Amino acid sequence: MKLELVKPALDFLPEYKAALESNWSPDNVRGAVAAREELEKIATDPAAFVAQLDDPEAKGEPIKLPDGSTVPRLPGFRRWMWDDGFCGSIGLRWQPGTSELPPHVLGHIGYAVVPWKRGRGYAKRALALMLIEARDKGLTFVHVTAQADNAASQTVIRANGGHLVERFREPTAHGGRESLRFRIDLPVEADPIVLRQARREDFAFCRRVTHETMRCIMERLFGWDEAQQVAKFADQWRLDETRIITCRGEDAGWLQTRPAEDAVFLCQLYLDTPFHRRGIGTRVMQIVIDEAQCDGKAVTLDVVKINPARRLYERLGFQTTGEEEHKFHMRREPNVVT
């Protein structure tokens, strides 16, 4: 799974429209009614429909509530979950100058995954990515709601740091159902992590970071032969397997993963020196684990015996499955509790 949140665009619209036509709705409250309204707007003016989904300045028309009443529009935008195709929709809305919301708005973030792609971890990852957007808007916390009988949604929210703040009855305009409101705090000091697909021009960055990180270890074991290491790196680095780790828009490191029959092999994971000791490696490892787990796969890796990163892998549930003279083979099965 390499889920992205993409800005709605005409190129993506056919798959979104097909999802609406299959009786899926991005609105968990208004359901089929909202889906029919969106199909009508798409038929009338596709470009205008796409444009109104991104409205951070609240220039659009007032919002119609389920009971037919209208309220002023809040700033907000929608993003489409995309992983080799449309997977669902997630939206963020906020009130300028505060993290609070007006009474008629139940939560900051709402999401819906298409039925045929549920159970793969898309909602969990999409919410994590949207929390980065919320923090960038200056929010210090967000509220996310889930119906009392929706255990799957509650699990998604808790996995992203949500804690229950109240059990409440929705207003009649929203259906009057029993719901749970969760709060997710967004500490300012947290570093948003994004993985992007590598480009050919990233080769030099990846090689530099690798050599700077591993040189002291390699010198202790074998001595350092610059020409040999350059040739070895060129032989191992694969563009299609590599992603760049970015932190607040800066390139912070890189990782290389390779799928196998029952596992994902973590070939490489390196962080540039300024990004060490900030918990970034742990969070990237968790992303790799989550991606593999969505496909029911284990994660495997090799680690040099004197590399202190081994302690991190053990904390994350990896176990040693074998060894060679200078390295251990490690594996983490899916669904391990740590």
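Helix packing, loops and cysteines in a predicted model

The crossing of helices H6 and H7 is right-handed. Helix H6 covers residues 203-221 and helix H7 covers residues 226-236; their axes come within 11 Å and cross at roughly 130°. With that angle, H6 is oblique to H7. On the H6 side the contact is formed by Phe203, Cys206, Arg207, Thr210, His211, Arg215 and Met218, and on the H7 side by Glu226, Gln229, Val230, Phe233 and Ala234. Sorted by class, the residues of this contact are six nonpolar, three polar and three charged.

The chain has 338 residues, of which 46% are buried. Nine helices and 17 strands are assigned in the chain. Along the principal axes, the C-alpha atoms fill a box of roughly 75 × 40 × 40 Å. Among contacts in the chain with a separation of 6 or more, 59% are between residues 24 or more positions apart.

The crossing of H1 and H2 is left-handed. The contact brings Leu13, Tyr16, Lys17, Leu20 and Glu21 of H1 against Ala35, Glu38, Leu39 and Ile42 of H2. By class, the contact of H1 with H2 holds six nonpolar and three charged residues, and no polar ones.

Glu38, one of the residues in this contact, is found in helix H2. Glu38 has a relative accessible area of 10% and is therefore buried, the limit being under 20%. Apart from its neighbours within four places in sequence, Glu38 is in contact with Tyr16, Leu20, Pro26, Phe49 and Arg78. Tyr16 and Leu20 in this set belong to H1.

A further glutamate, Glu323, lies in strand E16, which spans residues 319-323. Its relative accessibility is 52%, so Glu323 counts as exposed, the class that applies over 50%. When residues up to four places away in sequence are not counted, Glu323 touches Lys305, Phe328 and His329. Glu323 and Val142 are 181 residues apart in sequence, and their C-alpha atoms are 46 Å apart in space.

Asp84 is located in the loop that joins strand E5 (76-82) to strand E6 (86-93). Asp84 is not a glycine, yet has a positive phi of about 55°. With a relative accessibility of 79%, Asp84 counts as exposed. Arg248 occupies the loop between strand E12 (242-247) and strand E13 (250-259). Arg248 also has a positive phi, of about 50°, although it is not a glycine. At 43% relative accessibility, Arg248 counts as partly exposed, because the value falls between the limits of 20% and 50%. Pro187 is placed in the loop between strand E10 (178-185) and strand E11 (193-197). Pro187 is partly exposed, with a relative accessibility of 36%. The C-alpha atoms of Pro187 and Phe141 are separated by 8.0 Å, and these residues are 46 residues apart along the chain.

The cysteines were examined for disulfides, for which two sulfur atoms must be within 2.5 Å. The count under this rule is zero disulfides. Cys247 is in no disulfide, and the nearest cysteine sulfur, that of Cys206, is 16 Å away. Cys206 is also one of the H6 residues that meet H7. Cys247 has a relative accessible area of 1% and is therefore buried. For Cys294, the closest cysteine sulfur is in Cys87, at 11 Å, which is too far for a bond.

How values were computed: Residues numbered from 1 in each chain as written. Predicted model: local features only at pLDDT ≥ 70, side-chain atom pairs only at ≥ 80, totals over all residues. Heavy atoms only, no water. Buried < 20%, exposed > 50% of the residue type's maximum accessible area, 1.4 Å probe, protein only. Left-handed = near helix turned anticlockwise from the far one by under 90°. Helix = DSSP H or I, 4+ residues; strand = E, 2+ residues; numbered from the N terminus. Contact = heavy atoms within 4.5 Å. Nonpolar A, V, L, I, M, F, W, Y, C, P; charged D, E, K, R; others polar. Axes fitted to C-alpha atoms, helices over the stretch in contact; angles between N-to-C directions. Parallel < 35°, antiparallel > 145°, perpendicular 65-115°, else oblique.
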